[in-house]
Amino acid sequence: MKNMLTITWYSLREAMARKVFISFFIISLLTIILVALILNMAGFVKVFTSGTQNNFTEAFTTMEMMFISPITLIGILMSIFSSASFIPIMLEKGNIDLLLSKPISREQLLVGKYLGGVLVVFINIALLIIGVWLTFSIKFSVWNFGFLLTIFTITFTFSILYSIIVLLGIATKSSAPGMMIAYLIFLIVSPVLYSAKYKLGVFIQSSLIKGIVDFVYYLFPKTSELMGKTTYDLATGSGITNYQPILTSFGFLILTLGIAVVIFRKKDF
Amino acid sequence: MNFNAIETSSLSKVYSSAFGRRKIEALTNLNLIVKPGTIFGFLGPNGAGKTTFVKLLLGITFPTSGGAKILGEDISEYKMKSKIGYLPENHKYPAYLKGSEVLDFYGKLSGMEGINLQKKIDELLDLVKLTQWKKTKVKAYSKGMMQRLGLAQALLNEPELIFLDEPTDGVDPIGRKEIRDILLELKSRSKTIFLNSHLLSEVEQITDRVGILNKGKLIREGTVKELTQKREEYKLSLEGAAVDDINKNPDNDLHLTNIGDGYFNLKVSDSNELNKVLDMLRSKGIMIKEMVQQKDSLEDIFISLINESEKGAMK
Ligand SMILES: Nc1ncnc2c1ncn2[C@@H]1O[C@H](COP(=O)(O)OP(=O)(O)OP(=O)(O)O)[C@@H](O)[C@H]1O
Ligand SMILES: [Mg+2]
């Protein structure tokens, strides 16, 4: 256990050395400054201060989300990009030999490295969200704490994509395949499946096709729902209205990581 | 210790390339025992399987068949690795870490912590003469410095059994001597050292036993002394008028062959004969200035064994 945490901790060091934090931080800072500048335009304040309390919170959160959504999208894309080489670097000749000669099991090594990657992204996303949140809250003197919960949904979304990167990193010893599949799922597969199930679903007559769509939908992680509806519900304080995307995606994560561990345990280096 | 440091039984490894079309027999039915408290030298040409053997023992690669125990425990038991030190052949350390941080990282992974670890790190950096470089990132280290750091890393956890894969690779002659001294000091504290090397003269100086590996097969194993047994052959330096006689008349009973520069080679069957020849030389008024018993160096033995085994394989 302690060994695993050593691996996790040194993953942070690795990310720091590879300037992941500093680039993330600069982008976050620029974003926050931009948000502050835009908010300073007087027009917005008037819109918000009129209307009822309920309307207000919702409009306010929508406003926050409007800023945060594209930024977190970029954040996820950047996270995938910056963490994709963690595993291949670990597997390099001379590096993995030494790690495996230490009293640490292969599963601990892999899980420790995985948690390291997730932790790096968690810290970055948290800084970004807290920054934007503070800017909004100070500007409007409205403290919507629910907004902070989005840190978790966004990190969770990343951790699902990261499990794919880890699996393919172990299997291929290179970062490109995992990165490509993660982007594909995040940008195309998940949004398309969501639309197929909930928007086109009503038009599909054949129960076979419907079954197939359902199967594929449940099989793949629901990153677009997690980043969309789930995140939005939490931000507006409605809580989690639907646990299905979270649970099935978590299942996907565990399965993917499990396969990665099985492959890793058998691999010769 | 009442168990062997290393004990393998029919350990074999076949690497198969992608789709299993080409197979490489890296190691075939290796049976080897290394006693605790000894230095064992594992020799063999490039690609013989030396590194593969060490990797199998450390669980970095898995055997195709056969098994092994180290320090009395099966090699699949990862926890016993806390008693093991390893210097891999192409070790790579996170380039962004400083020398002392590299040791901190691997020390923690070996289960050490706190002040004990920090003390040990300082002690080892001193031992391998890197104290000055402690605060320098390893990306600025030279090859030999990396090797020294690697050795320090391998000794962090006070291991019982130490695997060194070409430890003196890239190290200058003084550094090599220092490393040899470190290894002998470890032996004096009854640590077991398993040394992969090409540098036969070095191995000859410090090992108790050696194994010679070729194409995955162990072709000879024994003490350096056994392998490099002395021959009844001497090199003599002679002086005197009668020396010319020997030269002119090579058909003598003296078994002497001129090898130039006043040196002669003498082959005899035992000490009796040797003394007879010496008496004869003295009686002719020949002055014996120097006499050295000839023996095969480990290198001679190594080369002839590998050649033999190659010939055997051709048939
Ligand atoms: N990961 C691997 N995949 C396939 N073949 C391998 C692998 N590692 C080693 N081999 C092969 O196994 C054989 C033994 O290699 P090994 O590295 O053990 O030799 P070695 O004795 O350490 O050589 P050197 O003195 O050059 O270090 C070689 O033929 C090598 O090509
Ligand atoms: Mg080797």
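How many salt bridges does the structure hold over all chains? It holds 26, a salt bridge being a side-chain nitrogen of Lys or Arg within 4 Å of a carboxyl oxygen of Asp or Glu.

This is a predicted model, in which local features need pLDDT of at least 70 and side-chain atom pairs count only at pLDDT 80 or more, while totals for chains, interfaces and linings use all residues. Residues are numbered from 1 along each chain as its sequence is written, chains are lettered from A and ligands numbered from 1 in the order in which they are written, and side-chain values use heavy atoms, with hydrogens and water left out.

**Exercise 1. Find the salt-bridge partner of Asp104(B) and describe the setting of the pair.**

Step 1. Asp104(B) pairs with Lys108(B), and their closest N and O atoms are 2.9 Å apart.

Step 2. Both residues belong to helix H2 (residues 99–109) of chain B, where 4 residues, about one turn of the helix, separate them. Helices (H or I, at least four residues) and strands (E, at least two) are DSSP runs, numbered from the N terminus.

Step 3. Asp104(B) has a relative accessible area of 10% and is buried, whereas Lys108(B), at 30%, is partly exposed. The classes are buried under 20% relative accessible area, exposed over 50% and partly exposed in between (1.4 Å probe, protein chains only).

**Exercise 2. Describe the salt bridge between Lys177(B) and Asp181(B).**

Step 1. The closest N and O atoms of Lys177(B) and Asp181(B) are 3.0 Å apart.

Step 2. Helix H5 (residues 173–188) of chain B holds both residues, 4 residues apart, so about one helical turn lies between them.

Step 3. Lys177(B) is partly exposed at 42% relative accessibility, and Asp181(B) is partly exposed at 36%.

**Exercise 3. State which strands the salt bridge between Glu221(B) and Arg209(B) joins.**

Step 1. Glu221(B) and Arg209(B) form a salt bridge with their closest N and O atoms 2.9 Å apart.

Step 2. Because Glu221(B) is in strand S10 (residues 217–223) of chain B and Arg209(B) in strand S9 (residues 209–214) of chain B, the pair ties together parts that are 12 residues apart in sequence.

Step 3. Glu221(B) is partly exposed, with a relative accessible area of 29%; Arg209(B) is partly exposed at 31%.

Step 4. Elsewhere, salt bridges with shared partners link Lys120(B), Glu123(B), Glu158(B), Glu185(B), Arg189(B) and Lys191(B) into one network.

**Exercise 4. Locate Lys215(B) and Lys19(A), and give the phi of each.**

Step 1. Lys215(B) is in the loop between S9 and S10 of chain B. Its phi is positive, about 45°, although Lys215(B) is not a glycine.

Step 2. Lys19(A) is in the loop between helix H1 (2–17) and H2 of chain A. Lys19(A) is not a glycine either, and its phi is positive, near 60°.

Step 3. Lys215(B) is exposed, with a relative accessible area of 52%. Lys19(A) is exposed, with a relative accessible area of 52%.

**Exercise 5. Describe the surroundings of ligand 1 and its contacts with side chains.**

Step 1. The shell has 13 residues, with Gly47(B), Lys50(B), Thr51(B), Thr52(B) and His198(B) the closest; a residue is near a molecule if one of its heavy atoms lies within 4 Å of it.

Step 2. Oxygen atoms of ligand 1 lie 2.7 Å from a side-chain N or O atom of Lys50(B), 2.5 Å from a polar side-chain atom of Thr52(B) and 2.8 Å from a side-chain N or O atom of His198(B).

Step 3. On its own, ligand 1 has 630 Å² of accessible area, and the protein covers 68% of this. Accessible areas come from the Shrake-Rupley method with a 1.4 Å probe; for residues, only the protein chains shown count as cover.

Step 4. Strand S2 (23–34) and helix H1 (50–57) of chain B are the elements that give two or more residues to the shell. H1(B) gives the largest share, 3 residues.

**Exercise 6. Identify the nonpolar surface patch and the element that gives most to it.**

Step 1. Ile22(A), Phe25(A), Ile26(A), Leu29(A), Leu30(A), Ile33(A), Leu37(A) and Leu127(A) make a nonpolar surface patch of about 750 Å². Patches are made of residues with over 30% relative accessible area and no salt bridge: like charges are joined within 9 Å, nonpolar side chains (Val, Leu, Ile, Met, Phe, Trp, Tyr) within 5 Å.

Step 2. Helix H2 (residues 20–39) of chain A supplies the largest share, 7 residues.

Step 3. Ile26(A) is in helix H2 of chain A and is partly exposed at 45% relative accessibility.

Notes:
A polar contact is a pair of N or O atoms within 3.5 Å; within protein, one must be able to donate a hydrogen and the other to accept it, and residues adjacent in sequence count only if both atoms are side-chain atoms.
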